[in-house]
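Dear colleague,

I am passing on the structure below, and my notes on it follow. Please read them alongside the coordinates.

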Amino acid sequence: EKILNGGVEVSPVSALWYAEHQDQFLLLPDLSISSESGVESVLLFSRFPMKQLKGRQITVTRQGRTTPALLEILCRLRYGFKPDFKVVSSIPESIPEDSSALLLIGNDALKAKDRLKKPGMHVIDLAEEWKEWTSLPFVFAVWVVRKDVFLAEPKKVLELHEALTKSKQWGIENLKEILTVAEEKTGLPRAIL
């Protein structure tokens, strides 16, 4: 919310948040969290195939808004039904008894995959579902700048964009180093990361 009131000038934001506030912001090109294929960190664990979730409860957490919105779009437009979401504050260890599916994102999804994948369990990667349906990558988050900031100081914004682009390139060139740090911080195996 700080970016809305001017406390922050440039920031990564969810794609859904940007769509809701696009009149006040500009996208920084070529900087996003997006996927051309499955990501294994945006997973729907379900007792049923996705198309059979019509009329069944799906538990989602308060962690993010873009991923539940992605799930809703897939349910409504690809499978033809309005999902019945139950929003919970804490991350369940498994699908709650009163639900048919559980949506997990980020490290929670990565950690739960082996624990929850059992015979009869459907593990659906929503980024993969999106790509299969649309043939397009799914964009989870983008970098934005306030329009008023860009208009007042375009040179500074372009310099920042260049620095972020260089940082992205450095990350691509130094994945082993990043994986080592991520492995230590998350406790997840390198192969999953």
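Which residues of the largest nonpolar core touch the most other members? Before the answer, please note that this is a predicted model, in which local features need pLDDT of at least 70 and side-chain atom pairs count only at pLDDT 80 or more, while totals for chains, interfaces and linings use all residues. Residues are numbered from 1 along each chain as its sequence is written, and side-chain values use heavy atoms, with hydrogens and water left out.

A nonpolar core here is a set of buried (under 20% relative accessible area, 1.4 Å probe, protein chains only) Ala, Val, Leu, Ile, Met, Phe, Trp, Tyr and Cys residues joined through side-chain atoms within 4.5 Å. The largest one has 20 residues, and those touching the most other members are Leu44, Met50, Leu53, Ile58, Leu70, Leu71 and Leu126. At least two residues each come from β3, β4, α2, β6, α4 and β8 (helices, H or I, of at least four residues and strands, E, of at least two are DSSP runs numbered from the N terminus), and α2 gives the largest share, with 4 residues. A second, separate core holds 8 residues, among them Leu43, Phe45, Leu102 and Ala112.

Leaving aside neighbours within four places in sequence, Lys117 is in contact (heavy atoms within 4.5 Å) with Ala112 and Val123.

Trp133, in helix α4, is partly exposed at 31% relative accessible area.

Best regards

Notes:
Buried < 20%, exposed > 50% of the residue type's maximum accessible area, 1.4 Å probe, protein only.
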